[in-house]
Amino acid sequence: MDQTLRGLGSLLPGEAWRTLLSDGVERRYEAGEVMLHQGDPGTHVLVLASGKIKVMRVEPNGTELLLAVRGPGEVIGEIAVLDGSDRSATVTALSACVTHILPADRFSRIVDRFGLHDVLMRLLLRRYREGEDIRVELAGLPAFDRVVRILLRLAGGAHGSQLAVDLSQDELASATGLSRSSVAAELAELRRRGHIATSRRQIMIRDLRRLTELAGGHTLGGSRRSAG
């Protein structure tokens, strides 16, 4: 099993994952291309073989929320297929992506064939709990801590000294629940310390180890000065 897979792909037997890929029609997306639209019917799923995507939802008041950034191993759009609802969010490619498109009925047959219902339900419940935990945690943190924690979450447990996070400051603001000006100020502080570099629609984490230390050194409601 490819250990780089995440999401559903990381939980499946190798044969089940290979079947999801082989039974689908390959489709490639360029960075910035919309893959699924909020409000559309759930006619198919996308199996993400490579690349990185973002999941955004527009609330009734017009607010855009960044729900997730996901990578290879994810099955995208499965909730609308499973419960027959419309898409609850818009999915956009953050980098060049290779996907395999499976019509709803074909995906359902594979789920039945390999007995994947329980695995899917566990994954959906885990994501729901993670989302709730993140909202509760961020609600009690000052702005600097929120930005650090979200950057680490978007890094997704990656290793190495540098890592690119392909999000704009507006998108980072929606993920943290902060204003764009607040996010800009905290990013400026991280730049001053040499932990990140920024460019258009990209934040380069230059010192992942130090960011991890910063997150560990902060407690709920802790002060920014304690970060050192």
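Predicted model: local features only at pLDDT ≥ 70, side-chain atom pairs only at ≥ 80, totals over all residues.
Leu12 sits in the segment before α1. Is Leu12 buried or exposed? Its relative accessibility is 5%, so Leu12 counts as buried. For a sense of distance, take Met56, 44 residues away along the chain from Leu12. Their C-alpha atoms are separated by 26 Å.

Next, the cores. In soluble globular proteins, nonpolar side chains tend to be buried together. Here, the largest nonpolar core has 30 residues. Which residues have the most contacts inside it? They are Val148, Leu151, Leu172, Leu187, Leu190 and Leu211. Several elements each supply at least two residues of this core: the helices α4 (117-139), α5 (143-155), α6 (169-176), α7 (180-193) and α8 (208-217), plus the strand β11 (202-205). The top contributor is α5, with eight residues.

Take Leu187 as a case. Setting aside residues up to four places away in sequence, Leu187 touches Val147, Leu151, Gln169, Leu172, Ile196 and Ile203.

Now a helix pair, α6 and α7. Their axes come within 9 Å and cross at roughly 105 degrees. Angles of 65 to 115 degrees count as roughly perpendicular, and α6 and α7 are therefore roughly perpendicular to each other. Who makes the contact? From α6, we have Gln169, Asp170, Leu172, Ala173 and Thr176. From α7, we have Arg180, Val183, Ala184 and Leu187. By class, that contact has five nonpolar residues, two polar and two charged.

On to the loops. His195 lies in the loop between α7 and β10, the strand at 196-199. Its relative accessibility is 7%, so His195 counts as buried. What does His195 touch, beyond residues up to four places away in sequence? The list is Leu190, Met204, Ile205, Arg206, Asp207, Arg210, Leu211 and Leu214.

Two prolines to finish. Pro142 is in the loop between α4 and α5. With a relative accessible area of 26%, Pro142 is partly exposed. Leu178 is 36 residues from Pro142 along the chain, and their C-alpha atoms are separated by 9.9 Å.

The other proline is Pro41. Find Pro41 in the loop between β2, at 34-36, and β3. Pro41 is partly exposed too, with a relative accessible area of 47%. Leaving aside neighbours within four places in sequence, Pro41 is in contact with Asp86 and Arg87. Arg149 is another matter: Pro41 and Arg149 are 108 residues apart in sequence, and 34 Å apart in space, C-alpha to C-alpha.

Methods:
Residues numbered from 1 in each chain as written. Heavy atoms only, no water. Core = buried A, V, L, I, M, F, W, Y, C linked by side-chain atoms within 4.5 Å. Buried < 20%, exposed > 50% of the residue type's maximum accessible area, 1.4 Å probe, protein only. Helix = DSSP H or I, 4+ residues; strand = E, 2+ residues; numbered from the N terminus. Contact = heavy atoms within 4.5 Å. Axes fitted to C-alpha atoms, helices over the stretch in contact; angles between N-to-C directions. Parallel < 35°, antiparallel > 145°, perpendicular 65-115°, else oblique. Nonpolar A, V, L, I, M, F, W, Y, C, P; charged D, E, K, R; others polar.
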